[in-house]
Amino acid sequence: MAFRERTESDELKIFRILNNRTILPSKEKQIYSNLEKGFKGEVMFDQLTEGLNPNKFLIVNDLLLETNSTTFQIDSFIISQGTHFPCEVKNFEGDYYYKSDQFFAMNDTEIQNPLDQIKRSDALLRQFLQKKKYSISIKSNVFFVNPAFTLYQAPRDKPIIYPTQLAKFLEELNARTSILNDDHYKLAEDLVKEHKTISPYTRLPPYDYYQMKKGPCCMVCHSFTVSSDGTILACHSCGCVEYVEDAILRSVRELQLLFPDIKITTNLIFEWCQVIESRKQIRRILKKHFNKMGSRHSTYYI
Ligand SMILES: [Zn+2]
């Protein structure tokens, strides 16, 4: 188990909801699709690093750090005796080529060079560690995790681990002698402590409550073709069932994530969860899971 686990960002969760409940503009649709793809790649990478011996390595995932008012990201930071390994994970799929220190898609579109990215984050990380009085050795690499990735004219002398080399890289890492001590744990704790959270709302398109498709969606396939018998919410697309109570709570959480300042009231949730026919049932569920504030006609839940 990693010292710091990776979780889906609020930004990704909100994009997911917006993609399901609104029509995303094409630019945002692209951002959303890249976020999903990136996250999938990082999860693939985590599954591989989970195979590292926990007595030898500490894995700190998904860090956003800052030095001199400049932020930089590290997908995974592997702590071991001697050298530490910051990892930049890429889930590129398909064919690309490398020419004059640049990455191109096969249609000649230039892609942001991941080597430039790690060069930048590596330099900033060194500054960051120096400021914190760590004199440690780090070795940054870019990991391409998608087995369907090919890079033509791939450079041999760059810090890149290609999909076909991943298993061997981790095997060799695992075979190293590494004894963890208090300093390693302190470094891991420091990194986690310094992690910055950024507002998830910066890259999202503007949206409002009225444009949202209402109703609880299926928890598995996200379809809105669901019906309720009062106890169970059944999906007519994939056949999955869920307790109505769980479905309502899930929908309330979606609403709160989209609109953190919204006042949760029985009427609002009644409207938000369209297929649920009983206002009473919604009130009972809100009362059970939230704190009731206000009174009579101005009751809301937090
Ligand atoms: Zn479904």
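1. The site of the zinc ion is tetrahedral, with angles of 105 to 116° among its four donor atoms (four donors count as tetrahedral if all angles lie between 85 and 135 degrees). Those donors are the SG atoms of Cys218, Cys221, Cys235 and Cys238, at 2.3 Å; a donor is an N, O or S atom within 2.8 Å of the metal, or 3.2 Å for Na, K and Ca, and since water is not among the atoms, sites may look incomplete. Along the chain the donors follow the spacing C-x2-C-x13-C-x2-C.

2. A word on the basis: this is a predicted model, where local features need pLDDT of at least 70 and side-chain atom pairs count only at pLDDT 80 or more, while totals for chains, interfaces and linings use all residues. Residues are numbered from 1 along each chain as its sequence is written, and side-chain values use heavy atoms, with hydrogens and water left out.

3. Buried or partly exposed: which is Cys235, and which is Cys238? Cys235 is buried because its relative accessibility is 4%, whereas Cys238 is partly exposed at 38%. Here buried means under 20% relative accessible area, exposed over 50%, and partly exposed in between (1.4 Å probe, protein chains only).

4. E12 (residues 232-235) pairs with E13 over three bridges, and Leu233 stands opposite Glu242 in E13. Strands are DSSP runs of E, at least two residues, and helices are runs of H or I, at least four, numbered from the N terminus; two strands pair if DSSP finds at least two bridges between them.

5. Helix H4 (residues 166-175) has Leu166, Phe169, Leu170 and Leu173 as its buried residues. They line one face of H4, because they fall within an arc of 90° seen down its axis (the arc is that of the directions from the helix axis to the C-beta atoms). The face turned away carries the exposed residues Ala167, Lys168, Glu171 and Ala175.

Key
Four donors count as tetrahedral if all angles lie between 85 and 135 degrees; four count as square planar and six as octahedral if opposite donors are over 155 degrees apart and all others between 65 and 115; anything else is irregular.
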